[in-house]
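Student: I have a model open and would like to learn how to read it. Could we walk through it together?

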Amino acid sequence: METDAPGTMLKRERVRDYVLELIESRGAGDGIPSERALCAHLGVSRPTLRAAVDELVAAGLLVRQHGRGMFVAPAKITQELVSERATLTAPQAAGAWSSRLLEFTTVPAGARVGRRLRMSPAGRIVYVARLRLVDGTPMAVEHLHLRADLVPALSARELETGDLYAHLRERHNVRVHEATQTIEPTVVTRSEARHLDVPDLSPALLFERLTTDTSGRPVEYVHSLYRGDRYRIVSRLTLGPAASDAAPGHHPGIPPGDFTCGDPVAAATLGDVQETDGQVPGRTDGQAAPDHREP
């Protein structure tokens with residue numbers, strides 16, 4: 001399998017973060033600098049810049065208008081999966097999950113990641129890019145950002161074997177408690193396609209997660225790209241009794257108005273790893289909220 005030159009993934013990650021910072025500081029319809037201007041400012045090549053922009057266009061965050069430039073896309077409609085009072089469980093997926101390190105280094109957090117981890121942009125983070133495999137087949141590309149002061153002795157072995165959260169707890173005295181995660185459809189870039197062994201622009205699922213410890217301190221910011229042809233999310237909802245005085249709501253996959261109940265919605269989320277011929281095997285207790293736990 002063709003691999004990127006050392007540091008390539010980190011460079012793309014930095015470009016992506018910078019463009020996302022521009023997007024998040026502007027409103028829908030606002031323009032961002034041209035590709036030429038961004039290349040000059042960031043000191044990167046046009047292909048590197050374009051790969052990051054293509055990803056953000058595919059994710060629906062940027063809009064290209066021929067002859068005019070690039071603009072911030074309209075905001076997406078966000079629907080929470082469950083009420084804050086409900087519970088969400090995320091069992092692990094079947095199969096032998098393993099990890100292969102692509103990059104592992106310590107760098108400044110930067111503005112965007114620093115804001116998520118509630119630390120100075122100059123503060124140090126551990127950046128990790130790793131390929132996640134199931135039974136030896138590439139399934140996802142993960143980009144991890146962990147506070148370096150919490151894991152000064154983190155090793156490559158911990159990132160490739162065993163349960164990362166167990167390593168954090170047992171070897172670094174970091175106890176993760178909860179996480180906020182978003183899931184969106186997207187497509188893979190050329191580099192991601194190479195790692196995942198799929199065609200360019202194949203459908204994928206983008207997961208972003210911020211994990212906090214028992215004191216509420218951010219520990220880890222992750223974004224992961226999972227193959228759309230091999231991975232899906234299954235949610236089982238338990239709907240409370242109808243209440244005539246409750247405000248109408250909308251649960252994912254249920255037409256608005258079908259259920260208008262005031263009680264919390266409980267959900268168990270499962271993940272299926274599908275066969276390559278497109279046939280879905282029997283239900284698996286899945287890694288529905290992709291994480292770093294190994295089976």
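Tutor: Gladly; we will take confidence, sheets, a helix and salt bridges in turn.

Student: Where do we start?

Tutor: This is a predicted model, so local features need pLDDT of at least 70 and side-chain atom pairs count only at pLDDT 80 or more, while totals for chains, interfaces and linings use all residues. Residues are numbered from 1 along each chain as its sequence is written, and side-chain values use heavy atoms, with hydrogens and water left out.

Student: In which strand is confidence lowest, and in which is it highest?

Tutor: pLDDT is the predictor's confidence in each residue, from 0 to 100. The mean for the protein chain is 80, and 73% of its residues reach 70 or more. Confidence is lowest in strand β4 (residues 88-89), with a mean of 48, and highest in β1, at 96. Residues 245-266 have pLDDT below 50, and beyond near neighbours in sequence this stretch has 49 contacts in the model (contact means heavy atoms within 4.5 Å). Residues 278-295 are also below 50, with 86 such contacts.

Student: Which residues of α6 are buried?

Tutor: An α-helix has 3.6 residues a turn, so residues three or four places apart point the same way. In α6 (residues 164-172), the buried residues are Leu 164, Tyr 165, Ala 166, His 167, Leu 168 and His 172. Buried means under 20% relative accessible area, exposed over 50%, and partly exposed in between (1.4 Å probe, protein chains only). The cover over these residues includes β7 (137-147), α5 (156-160) and β8 (176-187). At the N-terminal end, Asp 163 caps α6, with a side-chain oxygen 2.9 Å from the backbone nitrogen of Tyr 165. Asn 173 follows α6 and has a positive phi, near 55 degrees.

Student: How many salt bridges does the structure hold?

Tutor: Side chains of opposite charge can pair when their charged atoms come close. The structure holds 20 salt bridges, each a side-chain nitrogen of Lys or Arg within 4 Å of a carboxyl oxygen of Asp or Glu. Arg 130 pairs with Glu 142, with the closest N and O atoms 2.8 Å apart, and both residues are buried. Arg 132 also forms a salt bridge with Glu 142, at 3.9 Å. Since Arg 132 lies in β6 and Glu 142 in β7, this pair ties together parts 10 residues apart in sequence.

Student: Is Glu 170 buried or exposed?

Tutor: Glu 170 is exposed, with a relative accessible area of 59%. Its salt-bridge partner is Arg 169, at 3.5 Å between the closest N and O atoms, and Arg 169 is partly exposed at 36%.

Key
Helix = DSSP H or I, 4+ residues; strand = E, 2+ residues; numbered from the N terminus. Polar contact = N/O pair within 3.5 Å; in protein donor to acceptor, adjacent residues only side chain to side chain.
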